[in-house]
Amino acid sequence: MNRQIFRNSFILIVATLLVGASLYVQAQPAETSVTASVREARQAGVAETVLNQLLILAADHRLEDEGVVRLVNFVQTVQTEDLSIGPFMGKIEEGLAKQIPLNTIATVLAQKLDDYRFVRKVLRRKTGEQEISHQDLSRMVGSLDGGIAREELARFILQAPGQNLSMLARASEILALLKQVRFNDTLTQEILFTGLGNDSLNQSWDYLARVVATAKRRQIPDDEIARAAQEALEAKRPFKDFMATLGFTPRDLRHGPAVGR
Amino acid sequence: MSRKKDPSVQHLRDSSAKLDNTVCEKDENQDLLALKRLIYRMPDREAPAGLAQSILSSLEPKTVPGWVRIYRWALRPRTVTFQPLKLVPAAMVLLLGLAIAFQFAPWRKDPGSMDPRQASLIPVTFTLSYPKAESVSLIGSFNQWNPAGHRMRQIGDLNTWVLELRLPEGRHEYAFLVDGKMVVPDQSSPFYQSDGFGNRNSVLFVSRDEPANI
């Protein structure tokens with residue numbers, strides 16, 4: 001009799017302990033999906049500042065956990081592909097500031113990531129194992145947003161003379177800008193190839209498109225602009241000389257927001 | 001170490017005790033005279049060696065920690081009297097000292113100078129003509145597309161919105177955010193960039209180099 005009581009008591013105690021343990025485990029706060037994704041991103045090498053920035057943005061714009069996880073995972077993908085996170089963070093900030101739905105932002109980010117992969121692949125074909133800086137890659141991808149089709153950009157990159165990626169990035173940017181002001185495509189390519197071939201398309205030529213836009217407003221023919229630019233680039237003369245050849249002063253060229261006043 | 005009792009002292013004590021017992025019975029003067037006689041009869045002995053030293057050492061003041069002295073000094077009440085007119089020269093000297101210190105203070109900047117970082121920035125004036133707008137903010141790559149703190153102000157006929165900024169050299173993308181929701185590109189800028197969301201961002205080139213400052 002005593003033995004049976006002892007056995008029943010033992011079973012009761014064990015059962016109580018099991019139920020209590022299971023209740024305790026359920027009561028523990030489970031790691032949230034955001035926390036887990038942030039931890040994974042951190043382990044993948046995403047900088048703490050980037051993660052903090054992302055979480056602050058999420059809080060500011062009251063994003064739901066699902067959306068935050070999506071963005072964190074995306075940033076992690078960018079990191080693992082060894083791309084610069086900056087432009088993507090910029091796009092997230094821009095989308096949220098413009099009150100774009102998160103689904104659309106995610107789609108645009110995916111498209112942009114695909115653009116980066118595409119341009120990097122084209123550059124690999126051209127330069128082999130030459131190191132591609134984040135800045136140069138971003139500028140070339142940016143030209144796609146400036147109105148150049150992927151195929152056109154790929155053709156331009158592959159046909160362009162020289163191996164200077166910094167100048168090539170500048171050239172692809174100018175290519176898109178000159179297209180926007182409807183400058184002759186053939187002449188554009190000739191100018192840029194002259195600059196790339198002579199290794200003279202330096203930083204001061206970043207402003208070529210603005211000069212061309214103003215020259216066109218003053219009804220200077222495209223071929224005259226192209227001739228002046230090519231002569232300056234061939235002779236490796238300063239950009240100022242090219243402007244002077246067209247008869248411009250800085251005041252003549254001011255357009256859009258007033259800079260420096 | 002026990003000291004040997006001096007017999008004369010013992011005797012004096014005994015006498016004193018006796019006197020105590022008889023003080024009520026005898027005249028006070030007589031007691032005193034008896035005591036005096038006893039003292040006179042005491043042998044004239046030399047004081048033990050080291051007695052003076054031990055007495056002096058016991059009289060030496062105890063050393064008190066500095067902070068206790070300061071504390072006591074601070075607690076001690078004082079009375080201050082002053083004549084306001086006599087404070088004028090001191091006040092003048094103090095003011096002069098402060099003025100000199102402020103003039104040569106390391107944190108003080110030349111009024112004409114500017115923060116080096118600010119000085120490297122280039123002033124840019126953005127304008128937008130948008131008559132129906134309630135509010136317009138400037139968003140762009142230079143402010144992380146954050147409209148906070150970049151609200152434009154109305155001028156003239158109240159149709160034109162203006163904002164002056166100082167921007168670093170380079171290429172910047174921007175747009176106007178009208179009434180906090182509508183994205184409007186700058187029509188005066190010939191260059192643009194698709195933002196991927198169905199809008200266009202305007203593109204601005206900022207350069208310090210005068211010929212390129214276009």
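Author: Helices here are DSSP runs of H or I with at least four residues, strands are runs of E with at least two, and both are numbered from the N terminus. On that basis chain A has 14 helices and 1 strand. The model is a predicted one, in which local features need pLDDT of at least 70 and side-chain atom pairs count only at pLDDT 80 or more, while totals for chains, interfaces and linings use all residues. Residues are numbered from 1 along each chain as its sequence is written, chains are lettered from A and ligands numbered from 1 in the order in which they are written, and side-chain values use heavy atoms, with hydrogens and water left out.

Over the whole of chain A, 47% of the 261 residues are buried.

What surrounds A:Ile225, apart from its neighbours within four places in sequence? The contacts (heavy atoms within 4.5 Å) of A:Ile225 are with A:Phe183, A:Val212, A:Ala215, A:Lys216, A:Ile220, A:Phe242 and A:Leu246. A:Leu187 lies 38 residues from A:Ile225 along the chain, and the C-alpha atoms of the two are 9.1 Å apart. In chain A as a whole, 72% of the contacts between residues at least 6 apart in sequence join residues at least 24 apart.

Helix α10 of chain A, residues 185-197, packs against α12(A) with the axes 9 Å apart and at an angle of about 5° (axes are lines fitted to C-alpha atoms, for helices over the stretch in contact, and angles run from 0 to 180 degrees between N-to-C directions). The two helices α10(A) and α12(A) are therefore roughly parallel, a label for angles under 35 degrees, whereas over 145 is roughly antiparallel, 65 to 115 roughly perpendicular and the rest oblique. On the α10(A) side, A:Leu187, A:Glu190, A:Ile191, A:Thr194 and A:Gly195 take part. They meet A:Asp222, A:Asp223, A:Ala226, A:Ala229, A:Gln230, A:Leu233 and A:Glu234 of α12(A).

A:Asp222 has a further partner. A:Asp222 and A:Lys216 form a salt bridge, with 3.0 Å between the closest N and O atoms (a salt bridge is a side-chain nitrogen of Lys or Arg within 4 Å of a carboxyl oxygen of Asp or Glu). A:Asp222 is buried because its relative accessible area is 17%, while A:Lys216 is partly exposed at 26%. A:Lys216 is also among the residues that A:Ile225 touches.

Another one joins A:Glu81 and A:Arg117 at 2.4 Å, N to O. This pair links distant parts of the chain, 36 residues apart: A:Glu81 is in the loop between α4 (65-80) and α5 (86-97), and A:Arg117 is in helix α6 (residues 102-127). A:Glu81, at 21% relative accessible area, is partly exposed, and A:Arg117, at 34%, is partly exposed too. A:Arg42 and A:Glu48 also meet in a salt bridge of 3.0 Å, N to O. A:Glu48 is partly exposed at 37%, and A:Arg42 is partly exposed at 41%. Elsewhere, a network of salt bridges links A:Arg139, A:Arg170, A:Glu173 and A:Asp206 with B:Arg171.

Methods
Buried means under 20% relative accessible area, exposed over 50%, partly exposed in between (1.4 Å probe, protein chains only).
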